[in-house]
Amino acid sequence: MKNIAAIRYIIAVAAAVACVASVPNVSEAASPTSNSGGSWARNQLVEYRWREGDEPPSWMAAAINHAAARSTATREAKAARFSYNPAAVSWIAYTNDMARGAIGWTPYKDPPNDFRVKLRKQGYVLDDVGPLEWCQFTEVPTPGCFDAEMIALHELGHVQGMGHVRRSAYPLPNWTDSVMHGYPPGVRSHPREGWDQDWFGPCDVARLQLKYEPLLPSTRYSTCLSLKTKLDLTARPDPAEVEGGIQFTATLKIAGSENTVLAGDAIDDRRVVLQRRRQGGSRWIDQVVMTPLDDGTGRYRAIAVPAPNDKWRARFRKPGGEGLRATSSDPYVLGDENEDPDDPLVDFY
Amino acid sequence: MIGSLGLAGLLAFAFFSALPASRAPLSIAGATTCEARDAATFARAASDHDVWQANVVRQDLTGDRGELTGYVLTVGLSTGRQLSVPQPPESFVAEQVGNLVVYGHDSPATGSEVHAVDVRSGCHQLIARPEDVVRSAVIDAGGQNLYVHSVSRAGRSDQGVARHDLSSGQVEQVIQPIRRDPALGRGWETALLWNLTGTALAVEPCTMMACQTRILDVASGSVRDIRAEHGPTIAFTDTNLFTFGAGDGWPTEVLKIDFHGSAQVVASEVISASVSRRTAGELMIETISGMRTVTP
């Protein structure tokens, strides 16, 4: 360190105005609507029972319970978890007593207290369709049948607070990006693509993440999102006292955003690289992949031995398969003339 | 026959006197058949002023695996007895008009039949046998005309609404099939609804997202479409519809929509709503925060 006693480091200040997270058209249009109601507590366990007198037959009960488990497994957000409990307040009914034009219906939800869901009976006659056929009713699904697991998952999506994917949201990137279709062709029946989809599509996950935050800091953000990120870079003498070494710490977070739920959320377990630009150079060169601390803070670390007047920055490139945008920290400048007495690096040497 | 009428918009005729005997008579308990009376005479009970408000209940019948196998329709009669009618899955019961409750069904054994029971006298009678698959039917307040909504037997395409003159037997297409809005998807359930004064009839197919509404002014025969996005209609007056909101699940809104399609929100966070005939059509709306009433 003594060798670089004259060197002073200044930690560049982050941009004065926080970036605004950007949500693409799809998720903007598909974002929870005004009548989506309140929110369940983060990861709230919401139990349900069968309504007395309207208990589903075993094949339907199994489909509903499967949908509840799949909702929990595929939500990728701190959305509610659903589980059957015969003593629960919330209920699900197998009944024909529901709004016209529905085969599944969520007439009531009052987070964080309770909800009600109804599913129609096998054989109920619909205008254009004739008798309603649930795919689980027969051993082999019949053409035109509706998958009870998918419909139950759709209703649980309503319980989570998701409205239907609106016309304005079309076209979704892919048909299976959501199980919350409402507008045509609406509910998909066998053998249409996705007829038995028992997972939330990425655009459903996007809405759940926007509403409830991702499940963990390491959880991948839905590809239906395109959120701005923010990197801060700090430096201090290497605690291991490597000769001339500096420990760089980058912190990756969701940028300040219109979506107040996500703004400032730490992002763990991504690939952040430390880059250097030599004095007079025009290119940033990758130096090292920073090690994620994976402690829920979004921090990444690397040790480097800087040369005088080099500039350093952390770089997060747009990852494949995830709805995060690339970002870079402000440069960390070696040899800056504007000495800052409060800079912790001033006393390195 | 009505299927071809639906396409051509022509008149056709059928005579109840010529109605063939039911191919597989339903087992009806608790009421009396009134074979000697013609349909028009029988249906006058719809215009009775001294009305016995019947308790009408339709109970699901299910098989061993929970499948719907039909219904049992029970109608409490003024005689103290109860009409009990088994119905197949493709069946309906209409709201009581005067002393008449209209119900019907379609089955492979019988085809489509529309029956009615006079809840005061306890008589019941077959009053129409549409050729297409009857989905619902309502009678007017004068007991003169039966309005039948049906779908085609092959393909289940909408056949619109036909008016059966119960005196002459004449059948006339009064509402053409509503062309499905491709943006709304399949039409799953269609309602026939009288306005609060009984002067206009709405036919309203609903998809899972929204409903399309066409209104017949009975006196003039004019038909108008309501061009506003909405869910099922709760009630309507001579100038406005009161409907649930469309689309995004529940709780929802109650909308007031004028016939030109302008809509305003009457209530939000609505769980259910119904119309009270006893209080001049007052709407009773249950919301998350409690009950409220709206006077149309």
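1. Terms first. Two strands pair if DSSP finds at least two bridges between them. Strands (E, at least two residues) and helices (H or I, at least four) are DSSP runs, numbered from the N terminus. With that in hand, look at Trp105(A): this residue stands opposite Lys118(A) in strand E6 of chain A.

2. Ground rules. This is a predicted model: local features need pLDDT of at least 70, side-chain atom pairs count only at pLDDT 80 or more, and totals for chains, interfaces and linings use all residues. Residues are numbered from 1 along each chain as its sequence is written, while chains are lettered from A and ligands numbered from 1 in the order in which they are written.

3. Confidence in chain A. pLDDT is the predictor's confidence in each residue, from 0 to 100. Chain A has a mean pLDDT of 82, and 80% of its residues reach 70 or more. Two stretches call for caution. Over residues 1-36 of chain A, pLDDT stays under 50, and the model has 102 contacts beyond four places in sequence for them. Residues 337-349 of chain A also stay under 50, with 21 such contacts. A contact here means that the C-beta atoms of two residues, placed from the backbone, lie within 7 Å.

4. Make-up of the chains. Chain A holds four helices and 17 strands. Chain B comes to two helices and 23 strands. Of the 349 residues in chain A, 46% are buried. In chain B, buried residues make up 50% of 296. The cut-offs: a residue is buried if 20 or more other C-beta atoms lie within 10 Å of its own, exposed if 12 or fewer, and partly exposed in between, with C-beta atoms placed from the backbone.

5. Contacts along the sequence. Take the contacts in chain A with a separation of 6 or more: residues 24 or more positions apart account for 69% of them. For chain B, 44% of contacts between residues at least 6 apart in sequence join residues at least 24 apart.

6. Strand E5 of chain A. This strand covers residues 104-110; six of its seven residues are buried, so E5(A) is largely enclosed by the rest of the structure. Its partner is E6(A), residues 114-119, antiparallel over five bridges. A hairpin of three residues joins E5(A) to E6(A).

7. The contact between the chains. Chain A gives 40 residues and chain B gives 38. On the chain A side, helix H2 (58-74), E5, strand E7 (125-126) and strand E8 (130-131) each supply at least two residues. Which of these gives the most? E5(A) does, with four residues. By class, the chain A side divides into 19 nonpolar, 14 polar and seven charged residues. Ala, Val, Leu, Ile, Met, Phe, Trp, Tyr, Cys and Pro count as nonpolar, Asp, Glu, Lys and Arg as charged, and the others, Gly among them, as polar.

8. A four-strand sheet in chain A. The sheet is open, in the order E9-E10-E14-E13, with antiparallel pairing. Strands E9 (229-237) and E13 (291-292) of chain A stand at the edges, each with a single partner strand, so one side of each is left without a neighbour in the sheet. Nine bridges join E9(A) to E10(A), residues 246-254. Within this pairing, Phe248(A) in E10(A) is the bridge partner of Ala235(A).

9. Domains of chain B. Chain B is divided into domain 1 (1-176) and domain 2 (178-296); such bounds come from an automatic or database domain assignment. Eleven residues of domain 1 of chain B contact 14 residues of domain 2 of chain B. On the domain 1 side, strands E10 (133-139), E11 (145-151), E12 (158-165) and E13 (170-175) of chain B give two or more residues. E10(B) has the largest share, three residues. That side has six nonpolar, two polar and three charged residues.

10. A six-strand sheet in chain B. The order is E18-E19-E20-E21-E22-E23, open and antiparallel. E18 (233-236) and E23 (290-294) of chain B are the edge strands, each pairing on one side only. E19(B), residues 240-244, and E20(B), residues 252-258, pair in the antiparallel sense over five bridges. Phe242(B) stands opposite Lys256(B) in E20(B).

11. A loop residue in chain B. Pro108(B) is in the loop between strand E7 (100-107) and strand E8 (111-118) of chain B. Is Pro108(B) buried or exposed? With 9 C-beta neighbours inside 10 Å, Pro108(B) counts as exposed. Arg186(B) is 78 residues away along the chain, and the two C-alpha atoms are separated by 24 Å.
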